[in-house]
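Hi everyone, thanks for making time.

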Amino acid sequence: MSKRGRFITLEGGEGVGKTTNLAYVRRFLEAWGIEVVTTREPGGVAVAERLRELLVGKEPWLPEAELLLLFAARFHHVRELILPALAQGKWVVSDRFTDASYAYQGGGRELPWQRIRYLEDWLLAGLKPDLTLLLDAPVEVGLARARARGETNRFEAETQAFMQRVRRAYLSLWQQEPDRIKRIDASQPLLQVQLEIAGHLKALVERARG
Ligand code: TMP
């Protein structure tokens, strides 16, 4: 296997099952003898977790400020955790990454995509996931699940129209990069969702092992 690890992200709107499936991805890769680091955004390292508390709190951040805070958190996350782990040959699995900024700040908050692209180009030095699993479900399905869990953070309390824009933005990213982003219908039974995830992971492991 080549020395550098692989970077996998899970994306999707609220209540699409990212947490459950992140644990599945970890178990799947570990069964192949791969050393895995799981993490999340915003967060993953101390400074970024502090910023997460602010971001999901009740403060009414202006969209531009929110985007900058997210990239401040991401910059620390990439420098302190993701790049070092990949360099050590570990595989990093993150619950969300830059695609979430395109979807939530670009789609949801309607900030121009080129602003996000600029920050991505400036701060991330071309770091893109090797594989992104986009868990996609109708907005009503996801919001109902998130609310049933009693989770109403600042984003989960957003309107249906906001979440529709988020979903549309994710689908547009998928259409732009179908080789990297794999859409999975998250309204299917969990077993079927995980069967599809397994197929994508197996393909990536096989490519990595050459
Ligand atoms: P979570 O629901 O995956 O725990 O993430 C917390 C919230 O942060 C979620 O509602 C989406 C939001 N978010 C953004 O708006 N932009 C981003 O770039 C990231 C990583 C998360």
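I'll go through a strand, then the cores, then a helix pair and a loop residue.

Quick housekeeping: this is a predicted model, so local features need pLDDT of at least 70 and side-chain atom pairs count only at pLDDT 80 or more, while totals for chains, interfaces and linings use all residues. Residues are numbered from 1 along each chain as its sequence is written, and side-chain values use heavy atoms, with hydrogens and water left out.

Let's start with strand S1, residues 7-12. Helices (H or I, at least four residues) and strands (E, at least two) are DSSP runs, numbered from the N terminus. Six of the six residues in S1 are buried, so the strand is largely enclosed by the rest of the structure. Buried here means under 20% relative accessible area, exposed means over 50%, and partly exposed is in between, with a 1.4 Å probe and protein chains only. Phe7, Thr9 and Glu11 are on one side of S1, with Ile8, Leu10 and Gly12 on the other, and both faces are covered.

Who are its partners? Strands pair if DSSP finds at least two bridges between them. S1 runs parallel to S3 (residues 91-95), joined by four bridges, and Thr9 stands opposite Ser94 there. S1 also runs parallel to S4 (residues 131-136), this time with five bridges, and Glu11 faces Leu134.

Now the cores. A nonpolar core is a set of buried Ala, Val, Leu, Ile, Met, Phe, Trp, Tyr and Cys residues joined through side-chain atoms within 4.5 Å. The largest one has 40 residues, and Ile82, Tyr104, Leu127 and Tyr170 have the most contacts inside it. Several helices give two or more residues to this core, including H2 (46-55) and H5 (113-124). H3 gives the most, with 10 residues. There's also a second, separate core of 25 residues, with Leu22 and Leu29 among them.

Tyr170 is worth a click. Leaving out residues up to four places away in sequence, Tyr170 touches Glu11, Arg96, Asp99 and Tyr104, among others; contact means heavy atoms within 4.5 Å.

On to the helix pair. In the contact between H6 and H7, Val139, Glu140 and Leu143 of H6 meet Gln160, Met163, Gln164 and Arg167 of H7.

Last stop: Ala125, in the loop between H5 and S4. Is Ala125 buried or exposed? At 72% relative accessibility, Ala125 counts as exposed. Ala125 and Ala146 are 21 residues apart in sequence, and 34 Å apart in space, C-alpha to C-alpha.
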